Amino acid sequence: MGEKVPEDDRASSIREVLFGNGNTRPWVFKIFDCFKDLAVCTTTCVLPWVTSYQLQKQLNKPIAALLAFTVGFIQYFCFALLYSGVFTFIGFLGFSNENDTDSEPSGFSKALLTTAGVLVIVLSIIRTIMLIKGRYEFRKFLSLNGSLIEDSLLAFFCSNCVICQMKMELDTYEEILRKQELESLRRAVRLTAGDGGLDE
């Protein structure tokens, strides 16, 4: 198991971005730190397009969110169709009688299987490109370490881990930002109360 990052270290690393020092910083979460947030990990494992949608919504990109959800959903639907279709087709080949033409898959089934296969490949390419672009822009937004080559390799080989990493990183960023805003509000209230006392 990886060592948990102390809360103070997280806060200080993210405050560097909030203060805008112009330098890049290391990621709070490594690429395989998925299990540090089981809710995000489980959602991304089962429904990765949902986490992608949530991530883009948090970044105020509604069109990208809708596109990520649509592409991801159709891709996984076609993959499930292809997966079941391939095994059905193999079953027909293995157990059907050579002279029993009625037991063979219909032309429509074959066409549907082919279409699903093509869509899986095309949508996988589109999704990978979107993920590379998304991780690159995300790094620039939060001044995170990395390179375009790293983004490309991780998006291609570990797409769901990349989604988890970005989601947890952004959640931590927003948590620290909320705490700072709350602290600023409290400070403003104390100052206002102090000024009121002086006026009296």
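# A tour from surface patch to core

Start with helix α4 (residues 62-95), which gives the most to the nonpolar patch, with five residues. Helices here are DSSP runs of H or I, at least four residues, and strands are runs of E, at least two, numbered from the N terminus. The model is predicted: local features need pLDDT of at least 70, side-chain atom pairs count only at pLDDT 80 or more, and totals for chains, interfaces and linings use all residues. Residues are numbered from 1 along each chain as its sequence is written, and side-chain values use heavy atoms, with hydrogens and water left out.

**Stop 1: the patch**

Select Y53, F69, F73, I74, F77, L81 and L112. Together these form a nonpolar patch on the surface with about 590 Å² of accessible area. Patch members have over 30% relative accessible area and no salt bridge; nonpolar side chains (Val, Leu, Ile, Met, Phe, Trp, Tyr) are joined within 5 Å, like charges within 9 Å. Areas come from the Shrake-Rupley method with a 1.4 Å probe, and for residues only the protein chains shown count as cover.

Pick I74, in helix α4. I74 is partly exposed, with a relative accessible area of 35%. The scale is this: buried is under 20% relative accessible area, exposed is over 50%, and partly exposed lies in between (1.4 Å probe, protein chains only).

**Stop 2: the whole chain**

Zoom out. The protein has seven helices and zero strands. Of its 200 residues, 32% count as buried. The protein exposes about 12,900 Å², and carbon and sulfur atoms supply 65% of that area. Take contacts (heavy atoms within 4.5 Å). Among those between residues at least 6 apart in sequence, 73% join residues at least 24 apart.

**Stop 3**

Select helix α3 (residues 48-58), and find Q56 in it. Buried in α3 are P48, W49, T51, S52, L55 and Q56. These residues cover an arc of only 160° around the axis, which puts them on the same side of α3. The arc is that of the directions from the helix axis to the C-beta atoms.

Q56 has 15% relative accessibility and counts as buried. Leaving out residues up to four places away in sequence, Q56 touches K61, A64 and A65.

Step on to N60, in the loop between α3 and α4. N60 is not a glycine, yet its phi is positive, about 60°. At 67% relative accessibility, N60 counts as exposed.

**Stop 4: the core**

Now select L55, L131, F138, V162, M166 and L170. Of the 25 residues in the largest nonpolar core, these touch the most other members. Such a core is a set of buried Ala, Val, Leu, Ile, Met, Phe, Trp, Tyr and Cys residues joined through side-chain atoms within 4.5 Å. The elements giving two or more residues to this core are α2 (38-46), α5 (107-142), α6 (148-157) and α7 (159-199). α7 gives the most, with eight residues.

Center on L170. Beyond its neighbours within four places in sequence, L170 is in contact with L55, Q58, L59, F138 and F141.

**Stop 5**

Color α6 by accessibility. Its buried residues are D151, L154 and A155.

S143 is another non-glycine residue with a positive phi, about 55°. At 23% relative accessibility, S143 counts as partly exposed.

**Stop 6: salt bridges**

The structure holds nine salt bridges. Each is a side-chain nitrogen of Lys or Arg within 4 Å of a carboxyl oxygen of Asp or Glu.

Show R135 and D151. Their side chains meet in a salt bridge (2.5 Å, N to O). R135 lies in helix α5 and D151 in helix α6, so the pair ties together parts 16 residues apart in sequence. Both R135 and D151 are buried.

Move to α7. D171 forms a salt bridge with K167, the closest N and O atoms being 3.0 Å apart. Both lie in α7, four residues apart, about one turn of the helix. D171 is partly exposed, with a relative accessible area of 22%. K167 is buried, at 9%.

Finish by selecting R135, R139, E150 and D151. Salt bridges that share partners join these residues into one network.
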